[in-house]
Amino acid sequence: MTVAVLPFGDAHVEKPRAVLSARGLSKTFGGFQAVRNVDLDVHHARVHALIGPNGAGKTTVFNLLTKFIPSTAGTISLDGADITRTAPAKVARMGLVRSFQISATFPQMTLLENVRVALQRPNGQAVQFWRSLGSLRNLDRQALELLERVGLQDMRHRLASDLSYGRKRALEIATTLALDPRVLLLDEPLAGMGQEDVSVMAGLISEVAKDRAVLMVEHNLKVVSEICHDVTVLQRGEILTTGDYETVSNDPRVRAAYMGNEDA
Amino acid sequence: MTETSLSQPFVGPAAGRAPLRLLAVCIGFAALVAAPMFFYPIFVMKILCFALFASAFNLLLGYTGLLSFGHAAFFGGAAYVTAHAVKVWGFPPELAVLAGVLGAIVIGAVIGFLAIRRQGIYFAMITLALSQMFYFFCLQAPFTGGEDGIQGVQRGKLLGFIDLGQTMNMYYFVLGIFLLGIFAIWRIVNSPFGAILKSIRENETRAISLGLSVNAYKLSAFVMSAAIAGLAGSTKALIFQFATLTDVTWQMSGEVILMTLMGGIGTLLGPVVGAGLVVTLQNVLATSEFPVTVITGATFMLCVLTFRRGIVGEIEAAIVRWKRR
Amino acid sequence: MTMIFGIPVQALLGQLLVGLINGSFYAALSLGLAVIFGLLRIINFAHGALYMLGAFVGYLLLAFAGIGYWPALIVAPLIVGLFGAVLERTMLSRLYKLDHLYSLLFTFGLALFIEGTFRYFYGSSGQPYAVPPSLAGGTNLGFMFLPNYRAWVVVASFAVCIGTWFLIERTKLGSYLRAATENPTLVQAFGVNVPLLLTFTYAFGCALAGFTGILAAPIYQVSPVMGSNIIIIVFAVVVVGGMGSIFGAIATGYLLGLAEGLTKVIYPEASNIVVFVIMAVVLLVRPAGLFGKEA
Amino acid sequence: EPYRLGVLTDMSGMNFDLAGQGSVVAAQMAVEDFGGKLLGEPVEVIVGDHQNKPDIGSTLARRWIDEQNVKAIVDVPTSSVAMAVQEITRNSDTAFLVSTAGSSDLTGKACSPTTAQWTWDTYALANGTGRAITEEGGKKWYFITVDYTFGHALERDTSEAVLAAGGEVIGTVRHPRETTDFSSYLLQAQSSGADVVALANSSGDTMTALKQAAEYGITASGQRIAGMLLFLSDVHAVGLETAQGLTLTTGFYWDLDDQTRAWSKRFGERMNGKMPTMVHAGVYSSVMNYLKAAEAAGSVSGKAAIDKMRTMDINDFFARNAHLREDGRMVHDMYLVQVKTPEESKGPWDYYKVIRTIPGDQAFRPLDKSECPLVKK
Amino acid sequence: MHSSQPLLSVRGLNAWYGESHALHGVDLDIWPGETVTLLGRNGVGKTTTLRAIMGIIRKRTGSVAFDGQDVLKLALHRTAHAGIGFVPEERGIFATLTVEENLMLPPAVDRGGMSVEEIYALFPNLLERRSSPGTKLSGGEQQMLAIARILRTGVKLILLDEPTEGLAPVIVQRIGEMLLALKQRGLTVLLVEQNFRFAAKIADRFYVMDHGQVTDSFTTAQLPDRIQSLNRALGV
Ligand SMILES: Nc1ncnc2c1ncn2[C@@H]1O[C@H](COP(=O)(O)OP(=O)(O)OP(=O)(O)O)[C@@H](O)[C@H]1O
Ligand SMILES: Nc1ncnc2c1ncn2[C@@H]1O[C@H](COP(=O)(O)OP(=O)(O)OP(=O)(O)O)[C@@H](O)[C@H]1O
Ligand SMILES: [Mg+2]
Ligand SMILES: [Mg+2]
């Protein structure tokens, strides 16, 4: 069990233990080093933002953490267990679940079914080929609650393919939450959402973070400043700095590389 | 997306109200029980066999989205095992059928293990190639009797006292197997497991991220489909009392696809209707002037171009449209 | 005499050369498949039938129009290509928006149809087609007698493979084609006449099959079943190569031809399944195929 | 209701040329020549295409017998279908007149009292060719054998004949069915120093092998090629250029004498000038003799008619020195022929020169070696 | 106010996805050299409007006059040659093409497009990664590439769907500057944008959409007066 030692920021505030931590994570794509020696600690009950210019390697870090692509070097541990060599589905079952940058739903299924699929496995109802479909009704209440949380309850019988882009993202988050993950990785959850949805979603994220760890990639700095406890800035595959939003946003290097003269 | 998906969303049960559905099932059952009084029993049995085979195939294609071009291996393989079990080991019919199904499971597990590593068209090509390999195996293996096949397989006595040599006994035995198989498929499709299969078909990456070991699910579905196809093959060996190479050729794999396509991919009844049509067509063509392959080929093209949903699929769609109005 | 695998080196060399010749056919056929698949995402099940068609057109040209091998080498692929173009325009093009499996099924039906038709009119045992006089005879290489025609097959198929590779990987046309594979609507929205491009591609792929067919005519019997005999093996070749690249299709074709040639000496009984066995092994080790890119 | 004869054949597949439509025509000719009436009832020929599938063939045969008053089933290419049909004809007392199917098992292990295997079997071709060529001086044999039961049987039977006639087998290579390229095997055969390269395979494989043998100059280099199973239609298909010099055994050749020419001419007139294969002639002969036998026996029962044939004098343009044995084998003279060179050939279909006649009792498997349970030993 | 004819004039545009009716009579006009922004909540049909103008959706009625030509009747590939360029929401970068091939892909339809050097100067990331496969770029890099390749072709009107989505603030600023620069060159842009503040910096006029129709329109000058009602309409 590694105890987080933070290079910057409010080290004096006692943080809960790191649920997910990575050490020396690196990835090379045929000579191009996309991620270099990244150390990361994600803590329980905190929202951790991963920001950085486009192409900095944020999505790649996500892919590495969830084992969707194998890392070139480094170790990852989840709740103290080493998951460096674990299969992606297994990692998900252990409680590390992600959403995708390009929205990912089951298009020809209704919203309710979308969420229910995610509920099936944790409830031991995934391999039952001998029971009737009706036996899944016990999951409906829970599924509906999740849809409600993202404001999609009224559309529960529509097909996911009929949704607009923004709503697909909302559905995806509901599906992800269905797994009740211990660590939630969100890749630009607010991208493409209308103004009206952004604040709802941001609220949702900080609420779910109360009893789990959240790591998110986000370009909407307003939201980052409002809901994220920790911010890690990635540049050219390397960690530029880590700290709270205040510290990070005043770092001249971060302003130059990422934020420009914009204020949240 | 609706149009691009090979498998139609399942609309079957929605097509009628519960009492109506029950009535339809009863009429269907009565028709099957009475069929041998009006039609040539062997012919009806053959249709039942192929209907079961096509339904097994459809379990994979229609509900998992995997197009197998090698299902003949399970069908024909099981037939060989059953024939061999009866002829050489002296198994009673029920055990021989069981042996055939086990054989199909083994073959299915091996082929499936390799094939599920790729998707879509690759999957189709791999199953085709592997089943062709199995064909060569059957051709060259000493116990399959080469071109002659295993002939003169006795039907024996079911449970030691029902003489399957009697056509009617055999018919009801086959009918029983058919109903059992169809029920199994229906159950699998409309089960929690079936729902997972559907989600995998829709978006595999997402399914993985939800913690589902996608390959294990696919392999299970593949093996289930193989087992039921094997059940059909074993039964066929007993009906016709032989097992030959014809049932392991790639043309046979093609035929089962045609049956499913004609009847309606992803519908419960489609493969049954399709099998009935194709088998009847073959019999009609057998005494006509038309070259069979040309007709088969043309039917394939026509189905794909004009009524992809198949006969049952089109009817169901029409009912749904009509209801909306 | 030196021995390898218990076989005289000379014999082995001979077999390798024979394998190379076979590989030429595999390469040319899998290349055609790869072109059509790579750009249209269609598994052209009818490829074998079109290959047969090429050979038959050659035969018919000779029998009814007195057109000999050399002109036929140009004319036959053109005719087969034209046939492909008509087919694409009238039927296949309606299937692009659908699941790719439909086009597989369609071309499967097409293969049955073409093959059945020819069998109906020309029987199943096929027609003879002679080696052109200018390539008759052979050369004694010391370790084997190499028929001149076979040497020509190697050269011709290699030239066609390289030409195609260049066209697709190194020209602007190629980049249109590759892009259209992924998102035809968008490419068309950029102002490229995609429907025409797709027709051209399919026709080109068919012409490749036709060319291989006429190339094969003097070696094999011109028979309605010649295509279905070879197509499944070519499918396996394609799986082994991985459809990612044109180059992969070509290289794998030659490689598997050689592997098969070797098997014919070492353990001939298995020569028909060696390609499938290799396929299984490759799938276990590298599911994407030797040259394929994992999606 | 008229009596019917069912010609169950392959109308769309690989046996179409050697049997197919020609078999139908031959059967019709026989019925016409017989006068169209059997025991006072009209006789009709009906046709079925079994598509080389035993289930279709056997369903059809059963239906014919049960519902359409079919009294004899004729021809039946593809041994798996023939085997399946034989079970049905045996159980329903229907005559089974086999012409195309050549599996020796039909009159061996699986023999039936209602079957007459009329034209040829693998043993006769293998044995005839093996023995005759060895006696002609081809002592050292090399086999290119298709690797399954059928090929193994051909090879075994031929080898026995070769050894019996004082020859030797110096090598064998087994190839899978539907091989597209025989170069490897041919090269091995070429360098083996054999006198005779024997092709123990069939149809497509044989033709490809022949074509490629010509390409590699096998005959040109002094080796002789023997086809274990070849029909006139195969030779026609590959052409004389390729097939010249090939030695094979056949049960019939159209150009043997005036009788055969006369019949073949009539056949050809109905078949766009095609000359009959031995299968076609065999269909005619078997149907004609069946009709005679049934008439004589006064019964259309398969067993009665076939039994009658056993005691009858069988003699026509096809069947010379012939008789039907108790195992169902029709024994008749066979011919060892060699394919002419293009120069020797004087016109269309002038393909064979007859090297020698193989008397029936030498050509076929002796009765005392038969595995048929019907044979009283 | 506008001297010339509109470059693009849309009247009564309806469009369907299969059976579902997505646009219910959209009317809008764009004059040469303008930058016009479409605003609206998620799913009101902004993207659909762009697709229908371009002809990517085939099932549509109404009229779309561009440069005096009715583009509704044109085959899809002719629309580009008429002078309209499209940057899709999902970017549409080709995986089998390198970055440079992606860039060079759309045929030039007119003179006046940017040169490759100018483009690389604008987007140095692309230069650095020009020989890697297109989809190996990060999301933001892909967005740059998608815009860049249309700039090359010399079209008169660019349909730009949410160009800032998923981009780092610095890049957003860069794109804003770039769009202003393009405006200087006289390029006409129809922009769909959720990022209100961003749009305000570059647009001349706004259209507001709801339920597949244009419900409101105003100029940037009128913006301060409208902010209230707009926030209500957009649900902010
Ligand atoms: N599979 C791959 N092969 C090669 N290069 C890759 C691959 N995946 C990502 N890259 C490269 O790695 C770098 C980091 O990409 P990544 O997608 O992680 O960026 P990001 O930080 O998520 O950017 P954005 O905010 O734009 O989404 C990019 O330059 C990209 O081109
Ligand atoms: N491919 C499609 N098939 C069916 N319906 C669709 C499709 N694409 C969009 N729609 C529907 O059409 C309507 C308009 O969608 P559109 O994508 O134009 O919205 P938008 O305004 O661009 O929204 P966003 O801001 O989320 O991108 C929505 O209700 C959506 O559900
Ligand atoms: Mg990213
Ligand atoms: Mg949109």
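In chain C, helix 9 (residues 226-241) and helix 10 (residues 246-266) bring their axes within 9 Å and cross at roughly 120°; helices here are DSSP runs of H or I with at least four residues, strands are runs of E with at least two, and both are numbered from the N terminus. The axes are lines fitted to C-alpha atoms, for helices over the stretch in contact, with angles running from 0 to 180 degrees between N-to-C directions. Helix 9 of chain C is therefore oblique to helix 10 of chain C, given that angles under 35 degrees count as roughly parallel, over 145 as roughly antiparallel, 65 to 115 as roughly perpendicular and the rest as oblique.

The model is a predicted one, in which local features need pLDDT of at least 70, side-chain atom pairs count only at pLDDT 80 or more, and totals for chains, interfaces and linings use all residues. Residues are numbered from 1 along each chain as its sequence is written, chains are lettered from A and ligands numbered from 1 in the order in which they are written, and side-chain values use heavy atoms, with hydrogens and water left out.

Another helix pair of chain C comprises helix 2 (residues 47-65) and helix 3 (residues 69-90), whose axes come within 9 Å and cross at roughly 130°. That angle makes helix 2 of chain C oblique to helix 3 of chain C, and their crossing is right-handed. In chain D, helix 2 (residues 54-67) and helix 3 (residues 79-92) pack at an angle of about 25°, with their axes 8 Å apart. These two helices of chain D are therefore roughly parallel to each other, and their crossing is right-handed.

Turning to the ligands, ligand 1 lies between chains A and E. It is surrounded by 20 residues, the closest being A:Thr59, A:Thr60, E:Arg129, E:Lys136 and E:Gly140; a residue is near a molecule if one of its heavy atoms lies within 4 Å of it. By class, this shell holds 5 nonpolar, 10 polar and 5 charged residues, where Ala, Val, Leu, Ile, Met, Phe, Trp, Tyr, Cys and Pro count as nonpolar, Asp, Glu, Lys and Arg as charged, and the others, Gly among them, as polar. A polar side-chain atom of A:Thr60 lies 2.5 Å from an oxygen atom of ligand 1, and a backbone N or O atom of A:Gly55 lies 2.8 Å from an oxygen atom of this ligand. From chain E, a side-chain N or O atom of E:Glu141 is 3.3 Å from an oxygen atom of ligand 1. Of the 630 Å² of accessible area that ligand 1 has on its own, the protein covers 90%, as computed by the Shrake-Rupley method with a 1.4 Å probe. Strand 2 (32-43) and helix 1 (58-65) of chain A, together with helix 6 (139-151) of chain E, are the elements that give two or more residues to this shell.

Ligand 2 also lies between chains A and E. A polar backbone atom of E:Lys46 is 2.9 Å from an oxygen atom of ligand 2.

Note on methods. Polar contact = N/O pair within 3.5 Å; in protein donor to acceptor, adjacent residues only side chain to side chain. Left-handed = near helix turned anticlockwise from the far one by under 90°.
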